[in-house]
Amino acid sequence: MSSAQQIDPFAEEALPQLTGTWSLVLGTIAVAAIGCPLLPESVPNQFRYLPVYLILPLGIWAVVSGGIALRRMRGDEGASRLRARAGVILGTVAIVTAVPTLVWAYWALRHI
């Protein structure tokens, strides 16, 4: 194999392309964590209520990572933005459901 056929590890084409997969995964986990308190009571409480504390951070992280991925794909014509957009949407859904719930819980506990 000649040196002309070897791939330069520092070439721009050898770098991994951001596709928004992390955003999609984080958004999916955040939305799935919303349903954890609805699991049957036979499931231990740590699996039912611990993921609830992660909804807001995962949602924010999904929106931020999806926004970064979309920004980096801005000039690329052949890039598929579907996963990044889906991650941003799922992260937004998680944030929009978590924030009013936290405000309501704070209000309800304050008036006890």
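**Overall fold**

I looked up the secondary structure and found 4 helices and 0 strands in the chain. Helices (H or I, at least four residues) and strands (E, at least two) are DSSP runs numbered from the N terminus. The order from the N terminus is α-α-α-α. I noted that this is a predicted model, in which local features need pLDDT of at least 70, side-chain atom pairs count only at pLDDT 80 or more, and totals for chains, interfaces and linings use all residues. Residues are numbered from 1 along each chain as its sequence is written, and side-chain values use heavy atoms, with hydrogens and water left out.

**Burial, surface and contacts**

I checked burial next: 21% of the 112 residues count as buried. Buried means under 20% relative accessible area, exposed over 50%, and partly exposed in between (1.4 Å probe, protein chains only). The accessible surface of the chain is about 8600 Å², and carbon and sulfur atoms hold 67% of that. Areas come from the Shrake-Rupley method with a 1.4 Å probe; for residues, only the protein chains shown count as cover. For contacts (heavy atoms within 4.5 Å), I took the pairs at least 6 apart in sequence; 67% of these join residues at least 24 apart.

**S23 and S65**

I found S23 in helix α1 and S65 in helix α3, residues 55-72. S23 counts as buried because its relative accessible area is 1%. S65 also counts as buried, since its relative accessibility is 18%. Beyond four places in sequence, S23 is in contact with A62, S65, G66, A84, G87 and V88.

**I29**

I29 is in helix α1, residues 21-34.

**Largest pocket**

I recorded a volume of about 330 Å³ for the largest pocket. Of its 14 lining residues, V52, I55, A98, T101 and L102 are the closest to the centre. A pocket is an open set of points on a 1 Å grid over the protein atoms alone, where a 1.4 Å probe fits, with protein on both sides within 12 Å along at least five of seven lines; lining residues have an atom within 4 Å of a point. The volume is the space filled by probe spheres set on the points, which are joined across faces, edges and corners. Helices α1, α3 and α4 (82-110) each supply at least two lining residues. The most come from α4, with 5 residues.
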